[in-house]
Amino acid sequence: MYIQCSTVKRKGKTGRNRKLVESYRDPKTKQPRVRTVQRIETLPIAERAKLIYEFGGKTHLTPEEWIVLNDLGLLAQQQVSYDVGDIYRGAGSAVAFEHLKESGMFKVLDKNLSRSGSDVLKELIIHQLLYPKSKRKFASQRQSSLLYLLGGKRKYKEDTVYLALDELACNIEEIKKGLTQQLDTANHNLLLYDLSNSYFTGTKAELGGRGDSKEKRHDRYIVTYGLVMNEANMPLDIQIWKGGTADAKTVLDTFTEWKKSYRAKRAIWIADRSMSGETTLEEIRQLELNYITGLPGNTQQAVLLLQQEKRPELFDQADIASFIHEDKRYVLCRHQSKGYRAEYQGARRRRKVYEELKKIRQSPQNKDDKKLYHRAMRVLEKHEQTAFWDITVEQLSTEENEKRYKLIFHLNRNIVIAHNKIGHYYLLQTDLDTEQITDKQVVENYKSLMTVEKSFRDIKSQIEVRPIRHWKEQRIKAHIYLCYLSLWLSKYIENKWKQRNITTQVGLTLEQWDQQLLLCEKIDPQGNMTEAKWNKGKNAKTVKQQIESYGEAMAIKQLM
């Protein structure tokens, strides 16, 4: 007789079915057979352990059964030794996983994705925040992560990871709506909107296009995406377009159903000056949104010069001022240092223009008045100084065979003084009157756009949305959506820490905790894990103290 052990699955859980069997030979067929003598799992633990041990089933004993045998004195002459098993990194993943559950993203993914897709995405989101790598490396190197242990040491093939990403791309709208429902949007009525782009590694991509690359990679194709955030520093939406799409053409696609998508009855749309064209603002009004935007450079300069002539007292005020021009409300704001920098740069350019115009005037090539004039104008256009200089050409010789011309130029100092004065200011425009919002609130709300700029820096540096290594449209979108979910989780943790007066960068802090505080497993002689403990040492002790000071101690205590 001997012990037979088999693995069974009941209600989604894996267990073992052990029984005492004996072998015999069938009297008719003379073939060997096996029959059950005793079912062991239903026996009391002491009797079960003793029976398994006596009939040579030591490899099938559980750690609890070894302890019972030791208490019974059956192992008095034997020493059970334990070894250190695998080591998993670590504490940062544990903290991120705890916030994933606390934020509601855990439930949203379970609701909108299959069980396999949800499990893979949860791991991918945290992995993209802490260790952004290719999906192939994620599939091959995840065995050293704590999330691999928490997931029951399930191995994912590369195809499984990409199937999960495809499922994410198909269900992203429902996931975004679910995440917005987890936020308290009742008191937040600002919709901060900005665009950015990222480049591809390859030479072709279905969403790739040519345009003004934010990373100055004009040799690569780019893809454009727009991010919507509220004033609470939480992402609300992300949209993706072919690279090179104009900023103004993205507004309707993003905000057509903003009341349903962002759960708001009234909102103020805030964008930079690249989206402040009259056509775009008309679309915003049709969508029943109020707006606050900057002005394009040329329009702003023209309005400021006009006001400087009509109302010069506006530019003598240190505080914010507002005025009405062509039935539009403008708010006049002062730069802290940009105006002085512009003055210095303008003076340098005028000095260069003066030196180059002197050379043209002294040049012997002065027989053609038109060429002489165009040479001077090219210098002004090159240094963007056309408005500040008066250029004329005078004839020196009256003889028809030897006509000579002289370049006359002088600096218009009144225009320079006017431009230097308005260079210290910039304009904002809004359709809200002073009873609805004050000048100071207009400026503060516009400066909230910096949160979107910071989010773009986070998604490009720590989360590493670029370079994009996919070329199919669905995979490109899936990759950006994955980075968006990692950004959402990062901003959720960042806001929680800010409530505790902690301002460190989320991704780098979690990565440091992950590498210095590791989870070590203890295994019995059969290779079964008996317990898991955090490593000890000077660095580990320091990290534990830091985690406790951040209020995240519960995340690591639950795993001990």
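The largest nonpolar core of this predicted model has 115 residues, and Phe255, Trp269 and Leu510 touch the most other members. A nonpolar core here is a set of buried Ala, Val, Leu, Ile, Met, Phe, Trp, Tyr and Cys residues joined through side-chain atoms within 4.5 Å. Helix 18 (residues 473-499) gives the largest share of this core, 14 residues. The model is predicted, so local features need pLDDT of at least 70 and side-chain atom pairs count only at pLDDT 80 or more, while totals for chains, interfaces and linings use all residues. Residues are numbered from 1 along each chain as its sequence is written, and side-chain values use heavy atoms, with hydrogens and water left out.

**Terms for the whole briefing**

- Helices (H or I, at least four residues) and strands (E, at least two) are DSSP runs, numbered from the N terminus.
- Buried means under 20% relative accessible area, exposed means over 50%, and partly exposed is in between (1.4 Å probe, protein chains only).
- Contact means heavy atoms within 4.5 Å.

- Leaving aside neighbours within four places in sequence, Leu510 is in contact with Gly92, Val95, Ala96, Leu129, Leu130, Ile493 and Trp497.
- There is also a second, separate core of 15 residues, and Leu372, Met377, Tyr405 and Leu407 are among its members.

- Helix 5 (residues 115-130) has 16 residues and reaches 23 Å from its first C-alpha to its last. This is close to the 22 Å expected at 1.5 Å a residue, where the expected span is 1.5 Å times one less than the number of residues.
- Helix 5 packs on helix 8 at an angle of about 95°, and their axes are 9 Å apart. Helix 5 is therefore roughly perpendicular to helix 8.
- Axes are lines fitted to C-alpha atoms, for helices over the stretch in contact, and angles run from 0 to 180 degrees between N-to-C directions. Angles of 65 to 115 degrees count as roughly perpendicular, under 35 as roughly parallel, over 145 as roughly antiparallel and the rest as oblique.
- On the helix 5 side, the contact is made by Ser116, Gly117, Val120, Leu121 and Leu124. On the helix 8 side, it is made by Thr160, Val161, Ala164, Leu165, Glu167 and Leu168.
- By class, this contact has 7 nonpolar, 3 polar and 1 charged residues. Ala, Val, Leu, Ile, Met, Phe, Trp, Tyr, Cys and Pro count as nonpolar, Asp, Glu, Lys and Arg as charged, and the others, Gly among them, as polar.

- Asp166 lies in helix 8 (residues 158-181) and is buried, because its relative accessible area is 16%. Leaving aside neighbours within four places in sequence, Asp166 is in contact with Gln474 and Arg475.
- Lys176 lies in helix 8 and is buried, because its relative accessible area is 4%. With neighbours within four places in sequence left aside, the contacts of Lys176 are Asp237, Ile238, Gln239 and Tyr484.

- Helix 17 has 12 residues and reaches 16 Å from its first C-alpha to its last, close to the 16 Å expected at 1.5 Å a residue.
- The buried residues of helix 17 are Val452, Ser455, Phe456, Asp458, Ile459 and Lys460. These buried residues pack against strand 5 (190-199), strand 6 (222-229) and helix 18.
- Pro467 lies in the loop between helix 17 (450-461) and helix 18. The peptide bond from Arg466 to Pro467 is cis, with omega near 0°.
- Glu464 is also found in the loop between helix 17 and helix 18. This residue has a positive phi of about 60° although it is not a glycine, and at 38% relative accessibility it counts as partly exposed.
- Most residues other than glycine have a negative phi, and most peptide bonds are trans.

**Other loop residues**

- Glu288 is found in the loop between helix 11 (278-286) and strand 9 (290-294). Its phi is near 60°, a positive value in a residue other than glycine, and Glu288 counts as exposed at 55% relative accessibility.
- Asp319 is in the loop between helix 12 (297-310) and strand 10 (321-325) and is exposed, with a relative accessible area of 65%. Asp319 and Cys333 are 14 residues apart in sequence and 7.8 Å apart in space, C-alpha to C-alpha.
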